Structure formats: structure tokens, C-alpha cells
2 protein chains.
Amino acid sequence: MRSEILSVGTELLLGHITDTNASWLARQLTPLGIDLFYVSQVGDNLERLSATVRRARERSDLVVMSGGLGPTEDDLTREAIAAVLDETPHVQPQLEAELRAFFAGRGIVMPERNVKQAWTLPSVTILPNPIGTAPGWWAERDGKVIVAMPGVPYEMKRMWQNEVAPRLRERADGILFTRILRVAGLGESSVEERLDAVLHSSNPTVATYAKQDAVDVRVTAKAAAPEVAQALVADIEERIRATLGQHIFGIDDETPQSVALRMLIERGLTLATMESCTGGLLSSLITDVPGSSNAFRGGLVSYATELKEAWGVPAEVIAANGVISVETARAMATAVRQQTGADVGLSVTGVAGPDEQEGKPVGTVHIAVASPQGIRDTSQRFRGPRGEIKLRAAYTALNLLRLHLLRAGSD
Amino acid sequence: MRSEILSVGTELLLGHITDTNASWLARQLTPLGIDLFYVSQVGDNLERLSATVRRARERSDLVVMSGGLGPTEDDLTREAIAAVLDETPHVQPQLEAELRAFFAGRGIVMPERNVKQAWTLPSVTILPNPIGTAPGWWAERDGKVIVAMPGVPYEMKRMWQNEVAPRLRERADGILFTRILRVAGLGESSVEERLDAVLHSSNPTVATYAKQDAVDVRVTAKAAAPEVAQALVADIEERIRATLGQHIFGIDDETPQSVALRMLIERGLTLATMESCTGGLLSSLITDVPGSSNAFRGGLVSYATELKEAWGVPAEVIAANGVISVETARAMATAVRQQTGADVGLSVTGVAGPDEQEGKPVGTVHIAVASPQGIRDTSQRFRGPRGEIKLRAAYTALNLLRLHLLRAGSD
């Protein structure tokens, strides 16, 4: 199946929004066994949009669109699809009733122009959008499919996962099974080097991707039956695990923070953080996980040196080693346990830049974790701009926490 | 001048790289008075790439390409342009010499396949790339231009700024001047409604864009001379400021956090935060600004209720009103001033979801700011997933801080 992605919206052409929908969708297509040949962005202009949809439908079997489903005059995706299919839109009464109920639930009278969000065509199956006002379209005729989804990323993703992907999976010629092994503490090239023996396999295919929070090893097998595909993946997964060991922290949708929290909860432990250069990013990542309050008690952001002392870091430690030191990191991890009563303390101190501090270069970071099982630390030097250093430091801290919990569990 | 952007590389179609070159280039075109009608990404396949370049050149006057200029068999941009123009590539001796010198300077013998990076065509002017091995092409014939630049973002940006933009500026029929007015505390539709009288103006043009941290109002004027364009913008800016007043918090690259920090520093005030549902995101945003340590002392992330009490929120306030209450938010803002010695305390408490808390629905957020000038608060109900609620709450807190500082300054 040949596909292409088409993102709609003049704001994309003005460069004020980067089209992250397209790259997200691109990543969804390969595991479904669908080839992607073109990605385009086009503005809110009916003539150009219709011409683009028409050409896409000529050269591809599946056209995946996002954006242009809003209620305004500038939202022209429905009009363009109607023009390409040469079908006339009509209001679907049930959809109109749901739309009016959505507004009524918010105590607002629906603006009349919104009624076009209840349009449908003879070739269209409506894709429900319970979290927004724009339903999607699955427009299928003559063996070709156009899918139109809202441009709001979380509405689009939900619709893809609940409505579009299941329909596409049914049509796949063979089952694809994918497992992502998530790796911490190694760079992408280092992962590739260690996996050289399996990287050239053709079924399953094995590929690595550097993400912000990990290096992903993606294993995908294709077979006539799901059990066969899963068995093919399991075999290679075992070999990869034997090579990468504890560097693999999780699979699929797991994140460094979700894994660390799960381990804490399984062990009945609570956590608190004390951050300097990450400025709250570490605790913010931890609290991105729903249910994090089951293990995370709280955090201290000790940006000013006096606050580190006020919150329990001995003045002598700072005087002797400086704020940017592994000794201070260790004292912070210990201090935050006392300040919060948490079982485990996790700390970060370092130089986020742009200027050096205490004569220590930008990117210098010291991290420590303290628990009744002892203290563990790591010192690193990260490259990149301020935001990048903060992120790398926070993810390295989460990995240190995981390794500490692993070792403490086996003592 | 009608233009389109074409990014080349199979990695873009696999979704593992988001095409930030395209959005960066898109932002460069408008100020040059060049209309952008299409953006596409295409893989490393000569047939599809040539077809895409051919169609782009048919419908646009300027085709801006990035990527596909490397030395490997997969780098096919030169081959595609040669096919479209029906011209035969030949090695340019000077370029070849420079290329060999570049490798020699690194102590490496140039691989022979790299010689194609010294190719040129009769219609091509070479664009130098002193920081990489891939020179660019300016291919001009029959009044149409194809620009090909490397895909590496910093090489591409340098080439654009030093080589491409100056050539395009010479052809521009007028100067463009743009000012972005950044708006907080109003939704995009509300901003559009208030600006209805200016939104239909044609020179300057006025348009709104919803960003994560603000609604942007972009005013762009075109004129023969820069002073004239600036005067046209200034005139409309005055009218917009009269309408939106204090909702405008900054211009161009300013952010809610950079503006709040600048105001604190100007007033000689220090800041501390106490966060519950935002979990450290507020202090992380603040510390994203270089130099934030000049005003930001630190923060408390009081996720567990006991920590709120340990850090100075009276137990009676929580018992009487619950953790999710404006009274608790006010007590938190006061408490963090005492805990940290900061002049200004800023607090957030609320329900980030996915489950309701104390019977209060997901998205309920209470925010307060306390200073010697008094306490100010706001209560809101945000929609969206957990991460979205955290972001909206943090930016609303920064806006409350700004408004408090503005009012305190005028007392």
C-alpha cells in the first residue's frame, strides 16, 4: 500500500508551527506495512488544496490528511475532498445533534458556521472525535482511501489510534509486530556498534533511533500469523537483551520516569528531588506520569546557594568543593530525604550555561541518589544549548535512580 | 514571486527526523516578500525526486531545496536537478581542488565518490559552503530559480543567510517589516474578535496565531523604504495596543518567562515558586531563561499534602478549603516567601488529571502571587491532557505575576 501525508494550514507555510503531526504519522505507517512516499504541507486555499489532494489520490492508495477541519472559512479540507470525489456534502443529523450537545454542555450556543463540522459525503464514514468538535472522515472509493483528521495533535493522535490504525491493520497483507527496546546510558553509535550482528537482519528488521529521552531499538517482524511474528521478534529481543543488559530500561511506550516510578511503587519507596541546574525539570518530568503522587513526595529547587544551605546542605561541603561538585550533589540527595521524609533522594547540580560557573565549564553536571542502601553518583559533561543540558541532566538522573533501585533490590 | 520548499531525505519520511529546515526556511521567505504555496518532503529516489522537482518548477518561480547533496548514492538532488533542466553535470576543477584541500586539511584522502560534490551545470552558480563539504547550487534558467542547499541545519542556515537571502533581496520589489505582538490572558478567537477592525487590512497585514505560550498578533508591512514599512507597522501597532492593552506582554522573541524575569530584575525583586499540580514545570520554564538566577531564588514542589503543611501552609486552611482551593494557593504564595526569603511568591495548585481530586474536576487550577504589595489570585478550568493542563497553568501563573508587578509598580 502506497501512502502519502498531507498537512493542511497556512500557519505551516508561515513557519510558525513545525509540522510534528507529519513526523508522528510517518512513524505510525511503517509498523502497519504501509510505504510512505511523499509528505506535503499546503495552505488554506481551496484551489491549491484540491489540486494537491487530487494528485495525492492519483499516485497513492492512502492519503492521510490532518488539519483544515475547523469551522471557519479557512478550514477547507472537507470542501477539497468533496471537490476531488465530485460528491456533494450534506449535514448528518445525528452528528449535528452531537455537535449542538457538545456546545450546550459548555453553556454556549453553537455558532451556525460550525454546522459544517457535521457534514458528510456518500463515500465518507465519520470518525468520532469525543475530545473535540471536528469529527474525522474516512473517504473510500475505487479502492483509494483519504483519511482526514483534526490538526490539534492530541485529537489527531487519539483518532489515529482508535479509528484509523485499526481499519488499516485489517487490510495489512500479513501481520506486523513491533517491539521497541528503550536504551539509556549509551549513545546511538555505541548501540549500533554493539548490535552490529543483528542490524542487518531482514525479518525481523532492527533499527536504532536517537530520541530525546533514550535510544530506541525497534524490532519489527512480518508474518502471516501474529504468533509467528511475535516469536521472530522474541528471538532477536533475547539476543539484544543479552548484549545490552541493564542499559535496556523499558519497552514500547515506557519512559525513564514511568519506569523509575513503577520500580519505586513496587518497592514501596517514596522519592524526593533537589535540583539546581535543572531548575525543576526533573520533578516536572516525574510528575508528567499519571499516578506519580503514589511515590513522588515533592522537590526542592535550590537555585540560590543560600537555599541549598537553608535546606540542609552543609556550608562546609559547599565551601570546600563548590556548588558544582559531586560532594554537593551527594549532600543534596541526603538533605532532601531529611527535608521531605522521602525514602530516596535524587539531586542534580551543574552548569546549564551560557556562562561557566566556579570556573567549571558549561555542561558540567553532578548527580546523586541517596537511600537507606547508600549513595550513588555520576558526573558528566553534556554539550549543547541550555535546554539540551537540562534535559540530558534530568534523564541521566532518572537512569541513575533506576540503576540504584536495581542494585539495591539485588543486595 | 511564488515559491515552494522541498526537503529531501528518506529519514524525513520515516518520521525519525522532524523537518525543522522547512519551517525555518518558511519563516525567512515572508519578510522577503516571497509567497510560499507548498512544502514537501520526498525520499532518496531519483524518479520521485525528479518528478517532484519538475512539478515544483512548473508551478513556482523559486524552488528552495535542502538535503541530498552528500557524496553517497542516496544523495540525488544534483542528479534530479540535472534531469529536470536536461543539462549534463561536469566537474568544476576549482571546486574539486577546494574539496580535496578540505579533506587534506583533516589529514584524510578524499574518497573518490565525493567528487560529485564538485559537480556543476551550465545554468548553475555554485554557493560556497566553507563549513562543510557540500556546496550549494543556484540553478537559474527561463526566469525560474532552483536553490539546493545541504540538509545539515547549520550549514543550510549559513548558506541561506550569506548566499541565498542577499540574492533574493536584490530581486524583492519592496522591503517587508514585521512586528509580533505577544498576547496573554485571551484566547485566539477573542483576540480576533477584538481586532476585527484591523484584521482585514492589506498593508500592513495582521494575522493571529495560537502558540503554546501566547497568542501572537503578527503585523507585516511592505514598502519601498524600510522607514515607510516601519511607520505603517507602528501605526497599526498603536491601534492594536489601544485595543488589547495589558494583554500584550511582549514583542517578537520575548516569552512570558523572559518578560516576568526582566520586570523582576528592573524592580530589584526576587522570586520563589511553590507548585503542586505543575510539579516543577513553572520553575523549569523560569530557569530556561539565561540569567534567571539574578531574580529566581528557588522553588518548592509540594506534591504531598504533608509537605505543603511542613513548608508553611496552615493545616487549618487546607482542612477548611481543601488542597485544591484559592485559599490554599494564597497560603502557598505567602509561605514560599517565608521559606525562601524571596520578595515575591508565586504558587499553583490544581488537578492535572487524569482523575478528579477532592471532588474537583480535572483542569481546575488556582494560582496566587504574593508580595509586599499584597496578594492577587486567579482560578481557571483548563481542558486537555495532563501535560497541556500543566503548561496552561504555568503560563497563566507567569501572566498573573506580570500583571501583579505592573499594578504594584503603579501604586
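# Notebook: a two-chain predicted model

**Entry 1. A glycine in a loop.** I began with Gly384(B), which sits in the loop that links E17 and H15 of chain B. I then looked up its contacts, leaving out neighbours within four places in sequence: they are Tyr154(A) and Ile389(B). I also checked Arg241(B), 143 residues away along the chain, and the two C-alpha atoms are separated by 30 Å.

**Entry 2. Confidence and overall layout.** I noted the predictor's scores for the complex, an ipTM of 0.81 and a pTM of 0.82. For chain A, the mean pLDDT is 93, and 99% of the residues reach 70 or more. I counted 15 helices and 17 strands in chain A. Its C-alpha trace spans about 80 × 55 × 40 Å along the principal axes. Chain A has 411 residues, of which 47% count as buried. I looked at contacts in chain A with a separation of 6 or more, and 66% of them join residues 24 or more positions apart.

**Entry 3. Where the chains touch.** How many residues of chain B are in contact with chain A? I got 49, and they meet 49 residues of chain A. On the chain B side, the elements that each supply at least two residues are helix H1 (10-13), helix H2 (20-29), strand E2 (35-42), helix H11 (281-287), strand E14 (296-302) and helix H15 (386-410). I sorted that side by class and found 22 nonpolar, 21 polar and six charged residues.

Entry 4. I followed strand E14 of chain A, residues 296-302, and found it paired with E14(B) in the antiparallel sense over five bridges. Which residue of E14(B) is the bridge partner of Gly299(A)? I found Val301(B) there.

Within chain A, strand E13 (residues 271-275) pairs with E14(A) in the parallel sense, over five bridges. There I noted Leu271(A) bridged to Phe296(A) in E14(A).

**Entry 5. Strand E16 of chain B.** I checked burial along E16(B), residues 364-371, and eight of its eight residues are buried. On one side these are Thr364(B), His366(B), Ala368(B) and Ala370(B), and on the other Val365(B), Ile367(B), Val369(B) and Ser371(B). E16(B) pairs antiparallel with strand E15 (residues 344-350) of chain B over six bridges, and Leu346(B) has Val369(B) as its bridge partner. Eight bridges join E16(B) to E17(B), again antiparallel, with Thr364(B) bridged to Arg381(B). E16(B) and E17(B) make a hairpin, with two residues between them.

**Entry 6. Helix H4 of chain A.** Why do I call H4(A), residues 77-85, largely enclosed by the rest of the structure? I do so because seven of its nine residues are buried. They are Thr77(A), Arg78(A), Ala80(A), Ile81(A), Ala82(A), Val84(A) and Leu85(A). I listed what they pack against, including helix H3 (46-59), strand E1 (2-8) and strand E7 (136-141) of chain A. Just past H4(A), I noted that Asp86(A) has a positive phi of about 55 degrees.

Entry 7. I ended with Met159(B), in helix H6 (residues 153-171) of chain B. Met159(B) is buried, with 26 other C-beta atoms within 10 Å. Beyond its neighbours within four places in sequence, its contacts include Leu127(B), Met149(B) and Val164(B).

Notes:
Residues numbered from 1 in each chain as written. Chains lettered and ligands numbered in written order. Predicted model: local features only at pLDDT ≥ 70, side-chain atom pairs only at ≥ 80, totals over all residues. Contact = placed C-beta atoms within 7 Å. Helix = DSSP H or I, 4+ residues; strand = E, 2+ residues; numbered from the N terminus. Nonpolar A, V, L, I, M, F, W, Y, C, P; charged D, E, K, R; others polar. Pairing = 2+ DSSP bridges. pLDDT = per-residue confidence, 0-100. Buried ≥ 20, exposed ≤ 12 C-beta atoms within 10 Å, placed from the backbone.
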